[in-house]
Amino acid sequence: MRYKNYENVVILDHPLIKHKITRLRDKETGTSEFRNLVEEIAMLEAYDAFWNLPLIDVEVETPIETCKSPAIDGKKLVIVPVLRAGLGMVNGIHNLVPNAKVGHIGLCRDPETHEPHEYFVKLPESIDQRLVVILDPMLATGGSAVAAIDCVKARGGTNIKFMCIIAAPEGLERLAKAHPDVEIYVGNLDRCLNDDDYICPGLGDAGDRIFGTK
C-alpha cells in the first residue's frame, strides 16, 4: 500500500507482519521472543523490498542435466543497520541473502534537540556499485534515518532502500521528502509521536527490548 502521494513509500499489509508486530507491542513479550520476532519481520519485509533485484542466467548442473538458471547479478548487496537497534534486523535479512555484506552506522541522539550525531561509520568498498539496505526498527522523528541515508550518499551510495518495522507519520513524511529517490518499506504506520518523540502506540525502546537493557 502506498502512503499518501509518496511513490517511494510502501506500507506492508501482510497478515504475518501485522500479527508479529502485535506480539512485539505486548510489554509481556520477553527479550528472546522479541528478538526472534524482529528477525522474522525483517525477513518478511525483505521479501517485498527485494522484488527488483537484478538477475543473470548462470549455468548449473542438476542431477538430470545442465541448464541456465537465474541468480542475483552484480556486487553483493550491503545491509547497514543503524546502531544499535538495527542490529536486531540483520539476521532476518541474512537468512534470505546469506552472502550480503554488512556495514554499520552509529548515530546518537541529542537529548535536548533529539537530532542525530554520527559517531561511527564502516561501509564495504565499492558502495557506489551496490544496493544498500538501511535497517532501523523505529522511524520516529526521521532524523536518524535521514542522517543515515545522507551518510551513505556522501560516500557514493546511489541505490538505497530503507526498512523499518514501526513508523510515525511525522518521521515518514520527513524521510520521504528528504530522500524521494529511496524506497521506504514500513511494517506498520502508527498514530503519532508523543511529547518525548516516542511513537504511539509503538512498542517502547526497540534497542532495550532487543538486547534486554534498560
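Arg 25 counts as partly exposed, at 25% relative accessibility (buried means under 20% relative accessible area, exposed over 50%, partly exposed in between, with a 1.4 Å probe and protein chains only). In this predicted model, local features need pLDDT of at least 70 and side-chain atom pairs count only at pLDDT 80 or more, while totals for chains, interfaces and linings use all residues. Residues are numbered from 1 along each chain as its sequence is written, and side-chain values use heavy atoms, with hydrogens and water left out.

The side chain of Arg 25 meets that of Asp 190 in a salt bridge of 2.7 Å, N to O (a salt bridge is a side-chain nitrogen of Lys or Arg within 4 Å of a carboxyl oxygen of Asp or Glu). The pair links distant parts of the chain, 165 residues apart: Arg 25 is in helix α1, and Asp 190 is in the loop between β12 (183-189) and β13 (192-193). Helices (H or I, at least four residues) and strands (E, at least two) are DSSP runs, numbered from the N terminus. Asp 190 is buried, with a relative accessible area of 6%.

## Other salt bridges

Side chains of opposite charge can pair when their charged atoms come close. A search of the whole structure finds eight salt bridges. One of them joins Glu 40 and Lys 20 at 2.8 Å, N to O. Glu 40 lies in helix α2 and Lys 20 in helix α1 (residues 15-25), so this pair ties together parts that are 20 residues apart in sequence. Lys 20 counts as buried at 16% relative accessibility, whereas Glu 40 is partly exposed at 32%.

Asp 26 and Arg 23 also meet in a salt bridge, at 3.4 Å, N to O. Asp 26 has a relative accessible area of 30% and is partly exposed; Arg 23, at 27%, counts as partly exposed.

## A buried charge without a salt bridge

Glu 39 is placed in helix α2 (residues 31-49). Glu 39 is buried but has no salt bridge, and the nearest side chain of opposite charge is that of Arg 35, 6.0 Å away. For charge, Lys and Arg count as positive and Asp and Glu as negative, while His and the chain ends are not counted. Not counting residues up to four places away in sequence, Glu 39 touches Gly 88, Asn 91 and Gly 92 (contact means heavy atoms within 4.5 Å).

Trp 51 is found in the loop between α2 and β3. Trp 51 is exposed, with a relative accessible area of 61%. Leaving aside neighbours within four places in sequence, Trp 51 is in contact with Glu 183 and Tyr 185.

Val 60 lies in strand β3 (residues 55-61) and counts as partly exposed at 32% relative accessibility. Ile 56, Val 58 and Val 60 form a nonpolar patch on the surface, with about 190 Å² of accessible area together. Patches are made of residues with over 30% relative accessible area and no salt bridge; like charges are joined within 9 Å, and nonpolar side chains (Val, Leu, Ile, Met, Phe, Trp, Tyr) within 5 Å. Accessible areas come from the Shrake-Rupley method with a 1.4 Å probe, and for residues only the protein chains shown count as cover.

## Backbone features

Most residues other than glycine have a negative phi, and most peptide bonds are trans. Cis peptide bonds join Leu 83 to Arg 84, with omega about 0°, and Cys 200 to Pro 201, again with omega about 0°. Arg 84 is in the loop between β5 (78-83) and α3 (90-96), and Pro 201 in the loop between β14 (199-200) and α6 (206-211).

Ser 126 has a positive phi, near 55°; Ser 126 lies in the loop between β8 (116-122) and β9 (131-135). Asp 197, in the loop between β13 and β14, has a positive phi of about 65°. Ser 126 is partly exposed at 24%, while Asp 197 is buried at 17%.

## The chain as a whole

The chain has six helices and 14 strands. Its radius of gyration is 18 Å, close to the 17 Å that the globule rule gives for 214 residues, so the chain is as compact as a globular protein of that length. This radius is taken over C-alpha atoms, and the rule is 2.2 Å times the number of residues to the power 0.38. Buried residues make up 48% of the 214 residues.
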